[in-house]
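Here is a short tour of a model, written for someone who likes to check each stop in a viewer. Please have the coordinates open as you read.

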Amino acid sequence: MTENDRPVIELKHVHKHFGDLHVLNDISLTVKKGEVVVIIGPSGSGKSTLCRAVNRLETIDSGEILFEGEPLPREGRKLAEMRARIGMVFQSFNLFAHRTVLDNLTIAPCDVLKTSKKEARQEAMRLLERVGVADQANKVPAQLSGGQQQRAAIARALAMHPKAMLFDEPTSALDPEMIGEVLNVMAELAKDGMTMLIVTHEMNFARKVADRVVFMDGGCIVEENTPEAFFGHPKSQRAKDFLSSLTAH
Amino acid sequence: MTVSQLLNQYGDRYLQALFTTWRLTFFSFLGAFVIGIVITVLRVSPIKPLRFFGDFYVQIFRNIPGAALLILLVYALPYLKITFPYDVCVLIATVLIPSAFCSEHLMSGMNTIHPGQIEAARALGMTFFQLIRRVVIPQSLRSAVLPLTNLMVATMLTTSLGSQVPLRPMELTGIVSYINTRSAGGVMAFAISAALYCLTGLLIGAAGSWIDRKVRILR
Amino acid sequence: MKTGSIRDILYEAPGPKARRRIAWATAGALLLLAALLFIVVRQFYVTGQLGERYWAFFGKLTTWRFLGEGLLTTVEAAITGSAISFALGFLLMRGRLQKNRLLRWASTGIIEFTRGVPTLLFIYFFFLVVPQTGWKLSAFWKITLPCAISACGVVAEALRGGVNAVPKGQREAALSLGYRETRLFYRIIFPQAIRFVIPSLIAELVIVLKDTTFASIVSCADLMQNAKVLISNYDALLSIYLVVAVIYILINYLLNKLSDRLARRMNRAGAAERSAA
């Protein structure tokens, strides 16, 4: 096994129920180092739950989730330490409303990684520069546009030097004209070799950036393939229906 | 009586009464704030009996009339061989009742926190106590500033319970009934106390909105 | 107030260690509360307050009838007082929203005054000063009027909040239909505003009800005053005041509960309207 084939995220036979609903039904999935995996599927297919389960924002009923070969701790400091190594970007940005953008980037490195304040600030400014919102550093999140907030949120996750990034529908809450700027930042990240698991509805993005596309429906992984193969010749009927429903309007 | 006659005769007492009301308000609010925080911690703890106790405490002191509580403290407790001096009884009543409301305001303050903020903190690897210290406490305190300002004014109004027992020195309500039973102070005796209450309330309100402007969270 | 949500998101789904810790803490807390209850009951016992003579008369109908009469006066005073404070509050709210500067300032002044002065001061005013002017008031009005006046400023502000909560578009739509200001207010704005403020009006009723407990100052025979009479009859202070306090707490608790429920239903309805729009 070469260094690059090492799995970073590994799910083995994961099950989860919400009451009667089987949201995750025997999910097995591997994301290797540097790989970009995009999960698509109709709403309610369980793709968001899967993404959130990887850093245990959702618990699972059975099965196993491994990060860099270690099973996810179930609670306490160990779990927090594991999460610190996984970056997460949410649909609703979730920047801390009471702190400036810059503080949002330094607060966790200072608290969790015990980085010095000065170092954390320099790193934060570098990251804000990289995602193009350095000029907004001293504003509070509510003063920024959605696209700027989401880019800052990506920078906040990067400030922890994560080994992999999870994106839970990062552009779904954005106005159309702001989606591009966020996707560009994500594409840059992918090019730099970040390991990424992305839940999204942006098919063009998936086609261009993904190494692998995973199609989910009804809590199951229905199809898993390269973007060319998946979008060119979907094998399952459900995937065909889903793709044609997107082009229908 | 005219205002100048009243002030000539009772000016010192009014001043003393004003300071008594201020002192009572300050210490009652401080006590209510501390107890309110403790009760709120109990109410959000994962331990069911403590949650129940916290909820029960709030319902009792949020709903009991001040007069009823003061009477229990002053006249009923001695039958259980527990006797407090008058001023302590007043202080207990003016701490307990606002403390219940304080907890309610803190709970609403916490409820303004978007759940996503807590998830984001977790996803960044914060431990429970880091999350509490960095996100929950600052956000809920900031959005509780205005309700707590109003609570302080309400606490000031509650301290008028002090007029129901022989308090020495008297507070602003007690002094009015004192003057009126001694000499016919008339409307003016009331007007002076009322003005002092209003002034205090306005000062508290101004301070509160100044703090609120400094710390308000844009959402 | 809704208290459910923060409790649910503050803690993660507990792992095995956390679950064990919670179980131990729960046991400890139960023990602690039991000990607390024991100490209280023991104190009642050793001081003889659990004695039959302090509680037996609660088995008699006359006791409850007498307390009931007092309660009726209390409720009457609270409802009358609230009604008056609503009328006064409405006038003050209208005044505060007028273009006329004098009216606006006067209303604002009265609102701030009644909000900043304790009810007891108003009660003493009606008790000590009003009779000197020759205005003869019954004991009932001597407690009801000051309670009403003390509450009217708060009611006015609640009403104003409700009026401001009605979306601007409603006003603009009515104006474009040719409504004039007064008509517009009574037909379009106020009916919507009143919906928003019903919970806070009920909460205000609780405040008035609490304030009426000072009725004994003006010797009005409310629940508190009748309790005093019972106490001198049976020489049982602690038990009677305790029962009376529980009655007050229960009534206010139920009223607050009703107010919370209406507020929650209104929030849901409001959310549905917004999402439909």
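## A loop residue in chain A

In chain A, the loop between β6 (86–89) and α3 (101–112) holds N94(A). The model is predicted, and in it N94(A) shows a positive phi of about 60° although the residue is not a glycine. Is N94(A) buried or exposed? With a relative accessible area of 4%, N94(A) is buried, because the cut-off for that label is under 20%.

## Chain A as a whole

Along its principal axes, the C-alpha trace of chain A spans about 55 × 40 × 40 Å.

Of the 249 residues in chain A, 55% are buried. Among the contacts in chain A with a separation of 6 or more, 65% are between residues 24 or more positions apart. The chain exposes about 10800 Å², and carbon and sulfur atoms supply 47% of that area.

## A nonpolar patch on chain B

Which residues make the nonpolar surface patch of about 500 Å²? They are L15(B), F19(B), W22(B), L199(B) and L203(B). Two helices of chain B, α1 (3–44) and α9 (186–215), each supply at least two residues of the patch. The most comes from α1(B), which gives 3 residues.

## A cis peptide bond in chain B

Chain B also has a backbone feature to look at. The peptide bond from R168(B) to P169(B) is cis, and its omega is near -5°. You can find P169(B) in the loop between α7 (145–158) and α8 (172–182) of chain B.

## Aromatic pairs in chain C

Over all chains, the count of aromatic pairs comes to 24. One of them joins F58(C) and W64(C), with 5.8 Å centre to centre and 45° between the planes, a tilted arrangement. F58(C) is buried at a relative accessible area of 12%, whereas W64(C) is partly exposed at 41%. Another pair is F90(C) with Y186(C): the ring centres are 6.2 Å apart and the planes lie at 40°, so this pair is tilted.

Where do F90(C) and Y186(C) lie in chain C? F90(C) is in helix α4 (residues 61–96) and Y186(C) is in helix α9 (residues 181–211), so the pair links distant parts of the chain, 96 residues apart. F90(C) is buried, with a relative accessible area of 15%, while Y186(C) counts as partly exposed at 41% relative accessibility.

## A cluster and a loop in chain C

A last stop is D235(C), a residue other than glycine whose phi is positive, near 50°. D235(C) lies in the loop between α10 (223–234) and α11 (237–276) of chain C.

Conventions: Residues numbered from 1 in each chain as written. Chains lettered and ligands numbered in written order. Predicted model: local features only at pLDDT ≥ 70, side-chain atom pairs only at ≥ 80, totals over all residues. Heavy atoms only, no water. Patch = residues over 30% accessible without salt bridge, like charges linked within 9 Å, V, L, I, M, F, W, Y side chains within 5 Å. Areas by Shrake-Rupley, 256 points an atom, 1.4 Å probe, with all protein chains shown as cover. Salt bridge = Lys/Arg side-chain N within 4 Å of Asp/Glu carboxyl O. Helix = DSSP H or I, 4+ residues; strand = E, 2+ residues; numbered from the N terminus. Buried < 20%, exposed > 50% of the residue type's maximum accessible area, 1.4 Å probe, protein only. Contact = heavy atoms within 4.5 Å. Phe/Tyr/Trp six-rings, centres within 6.5 Å; stacked < 30°, edge-to-face > 60°.
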